[in-house]
Amino acid sequence: MMKKIVIVLISLLLVSCGSTKIRTTKKTTSTKSYPVTKRYPVKTAPTAKENSPKENPTKETKATGSEVLVATSKVKATTEDVKKYIEDFKETAKNNMKVHGVPASITMAQGILESGAGFGQLAKEANNHFGIKCHTGWTGESVKYDDDAAQECFRKYKDPAESYKDHSTFLSTRKRYENLFKLDKGDYEAWANGLKQAGYATDVLYPTKLIGIIERYELYKIDNEVLGRNFVPKPKVVTSVDGEHIVQQGDTLYSLSKKYNLTVEELKSLNNILDSGISIGQKLKVKK
């Protein structure tokens, strides 16, 4: 009897060991699916980079001869970039001057500034070179863009020439800008200041920036072609005393850096300037 009991116990023990091996095998088999989940981050990371907006990364590397153009976009553009932009659009600006009466120099300077010489996000994605918002009555295409507020509505055009035409129409048909058209079409300084007074831009240095661009790139010569004249602006009186420069109309950090053989960063550091804005009458240290 005892032998039978021992045999039964041994049989039960063997069955129990066998069932444990089966469960272990199932667990090992189930782990084969785990490595699949590790692949997802590898696939999604490049997609995120591809879809992230890039605002002209190549321009950030061109430090020599570059300037920051700030309005609805903030990009760096070289002198050659700006000159090419002028060549591409000066005929369009001249035609609009003839039809609508807006000085070509003003149109070109605004286009350069507002579009970042064509490299700004609005210019690239919507052919909008002047940062014109949708406003009431706009029935065309539009894009959303962060400006004074988040996700504001801006007009989208099929071609940059449409943006130029809309800009001239915008100024010539709105009552708030009617006093501009009483000014001499060749007086770009009066037009630049008049735009600010009419509320075109909130930037207090907006007229100075426009005038600086016009004189630096001699855009008044485009006006001359339309008006049939040979106007040349008088040289600016530059005041520099004891290592200080008093900012004149048309001065920029870039032009002053060239004049005093400094880098823009050195000028900013000497004067504790955080951005690129300077104002007429401001005293700047120009010696280290």
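I worked from a predicted model.

**Entry 1: helix α10**

I started with α10, which covers residues 220-227. Which of its residues are buried? I found Tyr220, Ile222, Asp223 and Asn224. After the helix comes Gly228. Its phi is positive, near 65 degrees.

**Entry 2: from α10 to α4**

Next I checked charged side chains. Lys94 and Glu225 meet in a salt bridge, with N to O at 2.7 Å. Lys94 belongs to α4 and Glu225 to α10, so this pair ties together parts 131 residues apart in sequence. Is Lys94 buried or exposed? Its relative accessibility is 11%, so I noted it as buried; the cut-off is under 20%. Glu225 has 47% and counts as partly exposed.

**Entry 3: other salt bridges**

I noted 11 salt bridges in the structure. Another one joins Lys221 and Glu218, at 2.9 Å from N to O. Both ends are partly exposed: Lys221 has 42% relative accessibility, and Glu218 has 36%.

I also looked up Glu266, which forms a salt bridge with Lys288. Their closest N and O atoms are 3.1 Å apart. This pair links distant parts of the chain, 22 residues apart. Glu266 sits in helix α12 (residues 264-270), and Lys288 in the segment after β7 (283-285). Glu266 is partly exposed at 28% relative accessibility, whereas Lys288 is exposed at 75%.

Then I traced shared partners. Salt bridges join Glu91, Lys94 and Glu225 into one network.

**Entry 4: aromatic rings**

I turned to the rings. The count is 12 aromatic pairs. Why is the pair of Phe89 and Tyr164 called stacked? The ring centres are 5.3 Å apart and the planes stand at 10 degrees, so the pair meets the rule of centres within 6.5 Å and planes under 30 degrees apart. Phe89 is in helix α4 and Tyr164 in helix α7 (residues 160-173). The two are 75 residues apart, and the pair links distant parts of the chain.

I checked burial for both. Phe89 is buried at 14% relative accessibility. Tyr164 is buried too, with a relative accessible area of 0%.

**Entry 5: a charge over a ring**

Last, I looked at Tyr260. Lys259 lies over the face of this ring, 5.6 Å from the ring centre.

Terms used
Residues numbered from 1 in each chain as written. Predicted model: local features only at pLDDT ≥ 70, side-chain atom pairs only at ≥ 80, totals over all residues. Heavy atoms only, no water. Buried < 20%, exposed > 50% of the residue type's maximum accessible area, 1.4 Å probe, protein only. Helix = DSSP H or I, 4+ residues; strand = E, 2+ residues; numbered from the N terminus. Phe/Tyr/Trp six-rings, centres within 6.5 Å; stacked < 30°, edge-to-face > 60°. Lys NZ or Arg CZ within 6 Å of the ring centre and 35° of its normal. Salt bridge = Lys/Arg side-chain N within 4 Å of Asp/Glu carboxyl O.
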